[in-house]
Amino acid sequence: MKYYVSTAFLDTHEVIEIAKAADDLGYHGMGIPDHVINLETLKTPYPYTKDGKRRWEAFTDWPDPWVMIGAIALVTTRLHFVTTVYLPAMRDPYSAAKSIGTAAYLANGRLELGIGVGWCEEEFTLMGQRFDRRGRRTDEMLDLMKALWQPGWTEFKGEFYSAPRLEMEPTPPHIPVYVGGLSDIALRRAARNDGWIGDLITTDRAIERVDRLREMRAERGLSMDDFTILTPLTDAFTPEHYERAEAGGINGIITMSRGTMTAGSASAERTCQVGNKRESKRRLVYKIISQERLVET
């Protein structure tokens with residue numbers, strides 16, 4: 001089992017220290033979420049809560065994932081980074097390929113691209129991109145970006161995007177692609193790629209998705225070997241819970257650090273004093289996330 005610590009809703013300044021501590025503790029990776037802006041009013045309901053309300057408060061930090069990954073890649077040695085999830089169809093493919101490829105190059109093979117098709121129509125509109133057919137555009141963008149990440153000259157001609165003979169440097173290491181989402185369409189897209197990223201979900205429901213992915217992969221003549229199943233689990237808290245998840249085919253867990261519960265209102269450095277001495281931020285953050293590591297990674 002591989003364990004990732006999520007940076008969702010954390011103060012941006014604290015992510016660097018959490019990354020260093022996670023690297024020291026033996027976590028496999030960090031999950032980096034993505035939104036460009038947060039609109040005050042939305043007509044589009046948030047699809048992952050019962051009431052359609054967003055999980056975060058106004059003015060929550062949403063740092064650019066590629067700038068963030070570039071920064072934390074240079075202060076860690078083994079930690080991997082996965083976007084949870086990035087929306088290619090909300091961008092132009094060339095700028096996206098350049099940012100992702102550069103971050104992957106700086107991370108020296110430790111980047112895992114988690115993508116989705118998006119849910120917020122208003123954010124797409126503000127970014128100047130069409131919301132309809134975003135799934136087909138996402139598929140084509142992935143094909144184009146993979147071509148741009150190859151060494152040498154390349155050309156591309158698709159339904160939505162075309163590229164004359166060109167090259168893009170630096171050439172990054174291989175970038176595995178994981179697809180987020182709970183729908184059957186999202187699972188089919190994941191089955192065509194390198195992995196699946198779930199949302200907050202029970203272990204039983206996650207294992208059901210694994211079984212469905214196994215069927216879809218088999219239909220394409222593909223096995224589950226080297227296929228990543230990465231998800232947060234709402235009902236997994238003990239080693240036995242994680243052992244059951246692993247037996248069900250889940251090989252990656254996204255955890256929330258305890259820092260998430262304090263970082264929105266007060267920085268980690270200000271949340272604890274020992275005697276009359278304030279702990280260093282690095283030492284405190286180390287304690288915060290080490291409390292979450294219930295089993296050896």
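These legends go with close-up views of a predicted model.

In this model, local features need pLDDT of at least 70 and side-chain atom pairs count only at pLDDT 80 or more, while totals for chains, interfaces and linings use all residues. Residues are numbered from 1 along each chain as its sequence is written, and side-chain values use heavy atoms, leaving out hydrogens and water.

Take strand 4 (residues 111–115) and strand 7 (residues 177–180): they pair over 3 bridges, in the parallel sense. Leucine 113 has valine 177 of strand 7 as its bridge partner.

**View B. Two peptide bonds here are cis.**
One goes from threonine 84 to valine 85, with omega near -5°, and valine 85 sits in the loop between strand 3 (80–83) and helix 3. The other goes from glutamate 169 to proline 170, with omega near 5°; look for proline 170 in the loop between strand 6 (162–166) and strand 7.

**View C. Phenylalanine 59 and asparagine 108 both have positive phi.**
Phi is near 70° for phenylalanine 59, in the loop between strand 2 (29–32) and helix 2 (65–73). Its relative accessible area is 83%, so phenylalanine 59 counts as exposed (exposed is over 50%, buried under 20%, partly exposed in between, using a 1.4 Å probe and protein chains only). For asparagine 108, phi is near 55°, and this residue is exposed too, at 65%.

How values were computed: Pairing = 2+ DSSP bridges. Helix = DSSP H or I, 4+ residues; strand = E, 2+ residues; numbered from the N terminus.
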